[in-house]
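Open the model in your viewer and keep the selection panel at hand. The stops below go from one selection to the next.

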Amino acid sequence: MSAVLQNLIDQPYKHGFVTDIESDVVPKGLNESVIRSISARKNEPEWLLEFRLTAYRHWLTMTEPTWPNVTYPPIDFQDISYYSAPKPKKKLASMDEVDPELLRTFEKLGVPMHEQAALAGVAVDVIFDSVSVTTTYKKKLADVGVIFCSFSEAVHEHPELIRKYLGSVVPAGDNFYAALNSAVFTDGSFCFIPKGVKCPMELSTYFRINTQESGQFERTLIVAEEGASVSYLEGCTAPQFDTNQLHAAVVELVALDRASIKYSTVQNWYAGDENGVGGIYNFVTKRGLCQGVDSKISWTQVETGSAITWKYPSCVLLGDNSVGEFYSVALTNHLQQADTGTKMVHIGKNTRSTIISKGISAGRSNNSYRGLVKIAASAHGARNFSQCDSMLIGDRCSASTFPYIQVQNNGAKVEHEATTSKIGEDQLFYFASRGIDPEEAVSMIINGFVKDVFTQLPMEFAVEAGRLLGLKLEGSVG
Amino acid sequence: MSESTGKVLLDVRNLSATVAGVQILKGIDFTVRAGEVHAIMGPNGSGKSTFSKVLAGHPSYEVTGGEVEFDGQDLLALPAEVRARAGFFLSFQYPVEVPGVANSQFLRLAYNTVMGGRGREELDPLEFDDYVREKLQLLEMDPAFLERSVNTGFSGGEKKRNEILQMALLEPTLAFLDETDSGLDIDALRIVAHGVNSLRASGNAIVLVTHYQRLLNYIVPDFVHVMDGGRLVKTGGKELALELEARGYDWIGREAA
Ligand SMILES: Nc1ncnc2c1ncn2[C@@H]1O[C@H](COP(=O)(O)OP(=O)(O)OP(=O)(O)O)[C@@H](O)[C@H]1O
Ligand SMILES: [Mg+2]
């Protein structure tokens, strides 16, 4: 049977190809002059250069975290090129003007951009490597006052908002990778929902890493003002090659009084081959601040790619009655490693948080859940519920759970449940004895396992995510 | 013993098998014809469940000798799921729990795979719901079992009823019922036995593994076999079961010696 399971999980990466677009690459290495050069290329104001330099100087004093339950060879930060952008011939006004090579790339991914944007009613801010190539649906959003644009554009057009909120949730020196990102980030997305506005459509960004050996340092900032709400989707795939790529994104969310932000991710970056060669190092800092009363931030992630995932989308529940949610499916296969989870920091009164984490390990992979629930002394009436389930496929993978609970308020209620299960031979035989082949059996069991998380995804994303899990676990039965 | 006239459905010749390197089945000869009911009895650990799993194609059990023909096909050459589609059904002594998978979903996939393969129209969730409810009535099962995860947290008796529900859905040519009676209360035994009887037809056959006569009062066997040490050591008519109930198994060993 292990041969059957083996075949099921040995599916080659289907999104592995490199698009041949002329790139503008900064020489490898990191120092103040590289940072000045990035800032100058992007024509940035002085205050932003200062932000970068402060972060860089802070970063120099920091060391890489070693506490995650992952292993990898040391990263040579001087051997990375910190800026790469496709050279657009001119400013693009519509999708028709997008480089046909780029469009073909999206087609191969099964994402016919223009159609998808139109049909699904989704505004897509296309990030290709590090620079936004085009932005659609801008006008419709502008009509209700929603700003959705590339980060660089926002720096020039809405400097007061960027200045106010950049680094307000994840300070430049927050952690090693956040500091690195703050020093060298190239682009990303900015999203602003003004007071009382319910964003009329789901906002979506497809990230894609393209240039070999160029780190990706995305920066995303989403601000929902009083009574505003938005649902934001992020999805990624990357081409296949042998050298590890460092990705250190920072995502900051700010929710003011009664605002709500729903942030969904499907991540399918190149994970390396079945021997662990290549693949993306995904070291991401994602944090949301429920600043206002009755505000809500909800993270949903489906993590299936990357050689290493190190990521803890978190919520700081400052406003009274604010709500934080984390729904996660993390699938690892072959030699993938994931150390992912969340932090829920309760500060305001009657704050509530929910954590549902589903880890699936196959092959020889290693999948860890790491979560912190912290209830401050001020958080009277705070409540947390955590459910962390692990599923093992085969005998050579592992799963670990590291829950940290710190309660400084006696009235708080914290519940933690954890289970580990295994798709075993007897389960597959039971399905087989009813005519169901192992592939379908695994898919049905996995779908059942992730159901509580998938129901949190926007409909069209749930379909895509289901397809992705299937892709990762399907194969010929031998 | 009744006259044997139906066509041969299952023909097992000198079957031996190991699990984890241990020889459990040591040369079994066993023939089942259409329309027949066979009971297999025998002490704990004698190999009855092993026999059922070898026939159903469990990958942990290695066939080390012998042949099995089922409905004209070489059964041992087929993977487990194909055996099921070909009309072989096993009701498990210990049905497996599958948390997170709704029973209705599981049953529908099994139905569509097996019956769809036999040319029956595949049913969508609504059509299947109507269809399965009829079968639930036959077994006097609460429709709530459809929404629960497969066998998860079911009582022993509920699991057995769920097995027979699957038999009713998949309409097997040969049903191997491994201790379906154990765990059933007195009323449930009658209901389930009635359900099984209603599925009997001239073209199919049933093999029952049981330790007690009470099931055989409802489903009357044409043949009773005794398994011991991985062999069928004695075969008789339905009266053999009564004799075993009265005398135990010891005398068979002495008689054979
Ligand atoms: N996976 C296994 N590894 C080792 N031994 C096994 C395994 N499966 C079965 N056996 C052994 O094979 C023998 C036959 O077991 P089996 O379950 O077929 O008996 P049975 O006749 O069905 O008994 P019961 O009446 O108690 O159900 C037992 O001694 C059992 O311990
Ligand atoms: Mg048994």
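Cys290(A) is buried, with a relative accessible area of 0%; buried means under 20% relative accessible area, exposed over 50% and partly exposed in between, with a 1.4 Å probe and protein chains only. Then take Cys397(A): the closest cysteine sulfur, in Cys388(A), is 18 Å away, again too far for a bond. Cys397(A) is buried as well, at 11%.

This is a predicted model, in which local features need pLDDT of at least 70 and side-chain atom pairs count only at pLDDT 80 or more, while totals for chains, interfaces and linings use all residues. Residues are numbered from 1 along each chain as its sequence is written, chains are lettered from A and ligands numbered from 1 in the order in which they are written, and side-chain values use heavy atoms, with hydrogens and water left out.

**Chain A**

Colour chain A by secondary structure to find twelve helices and 23 strands. Helices (H or I, at least four residues) and strands (E, at least two) are DSSP runs, numbered from the N terminus. Of the 478 residues in chain A, 63% are buried. Among contacts in chain A with a separation of 6 or more, 85% are between residues 24 or more positions apart; contact means heavy atoms within 4.5 Å.

Next select helix 10 of chain A, residues 425-432. Six of its eight residues are buried, so the helix is largely enclosed by the rest of the structure. Those six are Gln427(A), Leu428(A), Phe429(A), Tyr430(A), Phe431(A) and Ala432(A).

**The nonpolar cores**

A nonpolar core is a set of buried Ala, Val, Leu, Ile, Met, Phe, Trp, Tyr and Cys residues joined through side-chain atoms within 4.5 Å. Which residues touch the most other members of the largest core? Of its 114 residues, they are Ile446(A), Phe30(B), Phe51(B) and Leu55(B). Helix 11 of chain A (residues 438-454) gives this core its largest share, nine residues. A second, separate core has 55 residues, including Ile75(A), Tyr82(A), Leu256(A) and Tyr281(A).

Centre on Leu55(B). Leaving out residues up to four places away in sequence, Leu55(B) touches Leu10(B), Val12(B), Leu15(B), Val68(B), Leu75(B), Arg83(B), Phe88(B) and Phe176(B).

**The six-stranded sheet of chain B**

Show strands 6-9-10-3-11-12 of chain B, which in that order form an open sheet with mixed pairing. Two strands pair if DSSP finds at least two bridges between them. Strand 6 (88-91) and strand 12 (231-236) are the edges, each pairing on one side only. From one strand to the next the twist averages 20°.

Select strand 9 of chain B, where five of five residues are buried. Leu174(B), Phe176(B) and Asp178(B) point one way, Ala175(B) and Leu177(B) the other. Strand 9 (174-178) and strand 10 (205-209) are parallel, over five bridges. Leu177(B) has Leu208(B) as its bridge partner in strand 10, and Asp178(B) has Val209(B). Strand 6 also runs parallel to strand 9, joined by four bridges, with Phe88(B) opposite Leu174(B).

Axes are lines fitted to C-alpha atoms, for helices over the stretch in contact, and angles run from 0 to 180 degrees between N-to-C directions. Helix 9 of chain B (residues 239-247) lies across strands 3, 11 and 12, at about 45° to strand 11.

**The four-stranded sheet of chain B**

Now show strands 2-1-4-5 of chain B, an open antiparallel sheet in that order. Its edge strands are strand 2 (22-33) and strand 5 (73-74). Two bridges join strand 4 (residues 61-70) to strand 5, and Phe70(B) stands opposite Gln73(B). Helix 1 of chain B packs on this sheet too, touching strands 1, 2 and 4, at about 110° to strand 1.

**The magnesium ion**

Finish at ligand 2, a magnesium ion coordinated by Ser49(B) (OG) and Gln93(B) (OE1) at 2.0 to 2.1 Å. Ser49(B) is in helix 1 of chain B and Gln93(B) is in the loop between strand 6 and strand 7 (98-102), 44 residues apart. Donors are N, O and S atoms within 2.8 Å of the metal (3.2 Å for Na, K and Ca); water is not among the atoms, so sites may look incomplete. Is Gln93(B) buried or exposed? At 16% relative accessibility, Gln93(B) counts as buried.

Definitions and conventions: A disulfide is a pair of cysteine sulfur atoms within 2.5 Å.
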